[in-house]
Every structure is written in structure tokens, then in C-alpha cells.
Amino acid sequence: MESKDLSSVRTSLLLRDPAHVGEVEETKLRNVSNTEEARKKDVFPEMSAVPTVSEVRQYLKDNPGLFEFCTEGNVPVILTAPHGGRTALPHGEIRTFPSWYPAGVKFSKTGDISTDKVALSAVELLHRNYGIKPFYVVAKCHRRYVDLNRAPSLAYAQGSRQGNLYYYSYHSLVETCIKKIGSKSALLLDIHGHGDSRSPNITYRGTGHGRTCTLVDTPYGHPVLAGMVSRAVDVHPKEGFSEKPGFSGGWTVQCYGLASFQGVECIQLEFGKDYRLSEDGINKAAQGIAAGVARHLNLQGGDAGG
């Protein structure tokens, strides 16, 4: 991996921290415009230093099992799964709830069960059924150590060097994918899971109510979502731009989405438990993603199963 592929991560993530942290409609830090201002207001403690490009490259080389990824795809689609990991972070510190954690931003150490399997199964289906290879970044370590879907100052235990390296390595891989595709051409699908017992068969769309992705006034708002529905994945909302509070899109889609300077089309997908707790459910979710990507790319047979 060339250093030029990672160079943007050192500044781009800092520029976005802590503006728009957490859910768009829930954050109470709208008056905080940048990291320095936040520190002056004692909203956040000092972060660990951002690792250099060479440090990130060496970390990825020394720890090949911490991520599954492809930065050499052949279609302009990126799948990310930050919360499906199950392994311990080597020499990592478990996160604890800090007294300064901002109101309105969810703190969780619970992983999104099997979202890594959903993402990787979708990758396999896309290759097998359509002969294409999307870009993807799948985290293997548990969320209790690092929350990759939060701003860096909220993501890992204060002062944790291993958490710091893990966090920036993951996001450097995501930004490498974006850079290779070109931000104006890329579509990023951020795969998550929710535990709402009232809606275990529902997948919630998260785009910041249309801020992170171009939604159109058609059923489900985007070809990817319509393709998922064609494979019997129940997607909400079915119409309109308003999204369920708490599921409208977190750090990743806000960080890289249309409203950011990256300008990538980003959609967060929150799969209910019915799509993650059995092999049939995982396969159904993966088939939905594959059909949605195929429809987005106008591939023949976009609704075919796997």
C-alpha cells in the first residue's frame, strides 16, 4: 500500500471532529465547530496524537488479522462493517463511560452481531452472481475496545495507543477506497445491526434525512433500497425523507457523506435481529445488499438470488 493512499486521513478526520458527532438529530454540540474550540470549552479531553502514515502502514503490516478489506475493487461501491468484530484488540483497553461524554451521543460497547458476516457474504454473492468485486472494510475486533462509528475523541479509551492505531488504520482503509474510486463516484453502504425487539425484521435506512445521500421521491428513495426490497428485505422508511430517530445515520455516513467535503453517497443500513441471528437471515440480508448494489449499478439480473 503506497503512503499516498493514506495521507488524507491525518487531516480529514481531525477536520470532522467533533462537528456533527453522533446522530444528526440528537447531537447537542451544534455550537462546537472544531476540535480546538471544543477543547477550550472542556467538552473533550486531549486526544492521543494522530499516527503518521508510516505508523499506520506498519500497524496494518504487523496486524494482518484485525481487518478484512479490499482496496482494489472493480466497481465504485464500498461496504463497511465497523461493529461486527468479536476478537480482543491486542493490548487494547476496554472503553468506559467517561463523565465528559456529550449528551445526545449514544455510548455502547455492544457489538452488532453478524454484521461482518452479512458484509462478507454480500461481497461473495456479488462476485459469484455478477462477477464484480466491491471495495470493503470489515473490522474484526470488538466494539468494547474501539467504536469505529464515532469521532476519534469519543472512539477509544483516553490515551490508548492501541485504540488510536486501530481506529486510524480502519478509517485510513476507508479513505483509501474512496480515493481510489473518486469521491464523486463512490457509494458507501455502512452495515449495522439494531436490537429493537419491536422490529426484528426491519432494516432502517440512515442518511441524516437525506443529508448524506441523494434521495429521490420514489419508494424507498434509492435504487439500492428498492433492490433490497425486491429480495424481501423490509426497509424503512418506505417513503419520504424523515428517518427513525436513533437510526438516521452515525459518524461514518456523516463523516464521508454528501454534506462533508468528501461528498460520497453514503447510506447506513441497520438490520434487525431476524437478518443476523441465523444463517438464513444472514443470507437474506446479503442477498438484499447484492441485489441493491446490482440495481444501483444497472447490472443485468439485478434481482437474482444467490
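**Close-up views of a predicted model**

**View 1. Strand 4 is a mostly covered strand.** Strand 4 spans residues 187–193, and seven of its seven residues are buried. The model shown here and in every view below is predicted. In a regular strand the side chains alternate between the two faces of the sheet. Both faces of strand 4 are covered. One side carries Leu187, Leu189, Ile191 and Gly193, all buried.

View 2. Strand 2 covers residues 77–81. Strand 2 runs parallel to strand 4, and four bridges join the two. Within this pairing, Val77 stands opposite Leu187 of strand 4. Strand 7 covers residues 265–271. Its pairing with strand 4 is also parallel and extends over seven bridges. Here His192 has Glu270 of strand 7 as its bridge partner.

**View 3. The whole chain sets the context.** The protein has nine helices and seven strands. It comprises 306 residues, of which 57% count as buried. Contacts between residues at least 6 apart in sequence were sorted by separation: 81% of them join residues at least 24 apart.

**View 4. Phe67 stacks on Tyr166.** The protein has seven aromatic pairs. One of them joins Phe67 and Tyr166. Their ring centres are 4.7 Å apart and their planes meet at 15°, so the pair is stacked. Phe67 belongs to strand 1 (residues 67–70), while Tyr166 belongs to helix 6 (residues 161–181). The pair therefore ties together parts that are 99 residues apart in sequence. Phe67 and Tyr166 are both buried. Ring pairs also bring in Tyr170, giving a cluster of Phe67, Tyr166 and Tyr170.

View 5. A disulfide is a covalent bond between the sulfur atoms of two cysteines. The count of disulfides in the protein is zero. For Cys70, the closest cysteine sulfur is in Cys177. The two sulfurs are 7.1 Å apart, too far for a bond, given a cut-off of 2.5 Å. Cys213 is likewise in no disulfide. Its nearest cysteine sulfur, that of Cys266, is 7.8 Å away. Both cysteines are covered: Cys70 is buried with a relative accessible area of 10%, and Cys213 is buried at 0%.

**View 6. Thr71 sits in the loop between strand 1 and strand 2.** Thr71 lies in that loop, yet it is buried, with a relative accessible area of 10%. That value is under the 20% cut-off, so Thr71 counts as buried. Which residues does Thr71 contact, leaving aside its neighbours within four places in sequence? They are Phe135, Leu173, Thr176, Cys177 and Lys180. Cys177, one of these contacts, also holds the cysteine sulfur closest to that of Cys70.

Methods
Residues are numbered from 1 along each chain as its sequence is written. This is a predicted model: local features need pLDDT of at least 70, side-chain atom pairs count only at pLDDT 80 or more; totals for chains, interfaces and linings use all residues. Side-chain values use heavy atoms; hydrogens and water are left out. Buried means under 20% relative accessible area, exposed over 50%, partly exposed in between (1.4 Å probe, protein chains only). Two strands pair if DSSP finds at least two bridges between them. Contact means heavy atoms within 4.5 Å. Rings of Phe, Tyr and Trp (its six-membered ring) pair if their centres lie within 6.5 Å; planes under 30 degrees apart count as stacked, over 60 as edge-to-face and the rest as tilted.
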